[in-house]
Amino acid sequence: MWLRIRFCESWVPEFLEAQSAFLQRNSCGTACVVTGQPFDTAKVKMQTFPDMYKGIVDCFVKTYKQVGFRGFYKGTTPALVANIAENSVLFMCYGFCQQIVRRIVGVDRKTKLSDLQNAAAGSFASAFATLVLCPTELVKCRLQAMHEMQLSGKIVQGQSTVWSVVKSVIQKDGPLGFYRGLSSTLLREVPGYFFFFGGYELSRTFFASGRSKDELGPIPLLLSGGFGGSCLWIAVYPVDCVKSRIQVLSMAGKQTGFMGTFVTVVRTEGVLALYSGLKPTMIRAFLANGALFLAYEYSRKLMMKQIDSY
């Protein structure tokens, strides 16, 4: 009994810290989705149909002319669900994974981890986030590229609502249909979040210049978060491109897996096709992740003061 109590006490601070940051991170995440959704929509459209658009400006202009302003916000509801679900699971598991890393390397639970160790903890945590992210991203991506699927003749009649896409997936493929592209999502998330948290911690170390990272102000935190997000997307963008194609093009019928899609794209369109839509992605990633980590750090500091008195 004493061992169980001691074990639970060792996890209480991490659990409370993660719970306290939940509302602030997700309110910030909601704002990031609403402001960044047009860039994400352009990314998915350019990834799945690179021949239709010459660049980000051309994509924005054509989308506005053909669909209207609402075309930029197709898939916003599943994007919000995905953001809240992913960040909740990711940062909750991040604290626990940090403790696992501490146990593996044999240090006290209050010991500061190195940048590399924090990157490893983030990478482990992302594997859990993948399970809630894949279904919501599939619905989001299909809604975002529905107009292009109709224009290309790949489908006769598209679905315009979240429920119609969900119903179509269930009728056609069953519940497991929501996990099309799961392996691609996992291949993106696990190495991606190693670079995400690694880039963030390295950037904080650079700005701290020998001081404690906890003393950093909002500007260094914003820049560090933006740098971490940029590192993630630069490292795994081709994988994300393949994932988008699998999830969107599977609407028209059977779609090959990750390796089959990857090889087909490289052979028929060239390597650069895997980087279609990178520009809007980088713009969105820097701004959104800068704001996300700023909210995370300040909510964490606030809760740590409460935990110290626990």
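Let me start with contacts. Take those in this chain between residues at least 6 apart in sequence: 79% of them join residues at least 24 apart. Please keep in mind that this is a predicted model.

Now the overall layout. The chain has ten helices and zero strands. Read along the sequence, the pattern is α-α-α-α-α-α-α-α-α-α. There are 310 residues, and 52% of them count as buried. The accessible surface is about 14,800 Å². Carbon and sulfur atoms hold 67% of that surface.

Next, the inside. Which residues have the most contacts inside the largest nonpolar core? They are Leu90, Phe91, Phe197 and Phe293, in a core of 26 residues. The largest share comes from α3, with six residues. As background, in soluble globular proteins nonpolar side chains tend to be buried together.

Let's zoom in on one residue, valine 239. You will find valine 239 in helix α8. Is valine 239 buried or exposed? Its relative accessibility is 17%, and buried means under 20%, so valine 239 counts as buried. What does valine 239 touch, leaving out residues up to four places away in sequence? Its contacts are Ser184, Leu187, Arg188 and Phe258. Here is a distance to check on the screen. Valine 239 and glycine 192 are 47 residues apart in sequence. In space, their C-alpha atoms are 9.8 Å apart.

Isoleucine 283 lies in helix α10. Why is isoleucine 283 called partly exposed? Its relative accessible area is 35%. Buried means under 20% and exposed means over 50%, so isoleucine 283 falls in between.

To wrap up, keep two residues in mind. Valine 239 in α8 is buried. Isoleucine 283 in α10 is partly exposed.

How values were computed
Residues numbered from 1 in each chain as written. Predicted model: local features only at pLDDT ≥ 70, side-chain atom pairs only at ≥ 80, totals over all residues. Heavy atoms only, no water. Helix = DSSP H or I, 4+ residues; strand = E, 2+ residues; numbered from the N terminus. Buried < 20%, exposed > 50% of the residue type's maximum accessible area, 1.4 Å probe, protein only. Core = buried A, V, L, I, M, F, W, Y, C linked by side-chain atoms within 4.5 Å. Contact = heavy atoms within 4.5 Å. Areas by Shrake-Rupley, 256 points an atom, 1.4 Å probe, with all protein chains shown as cover.
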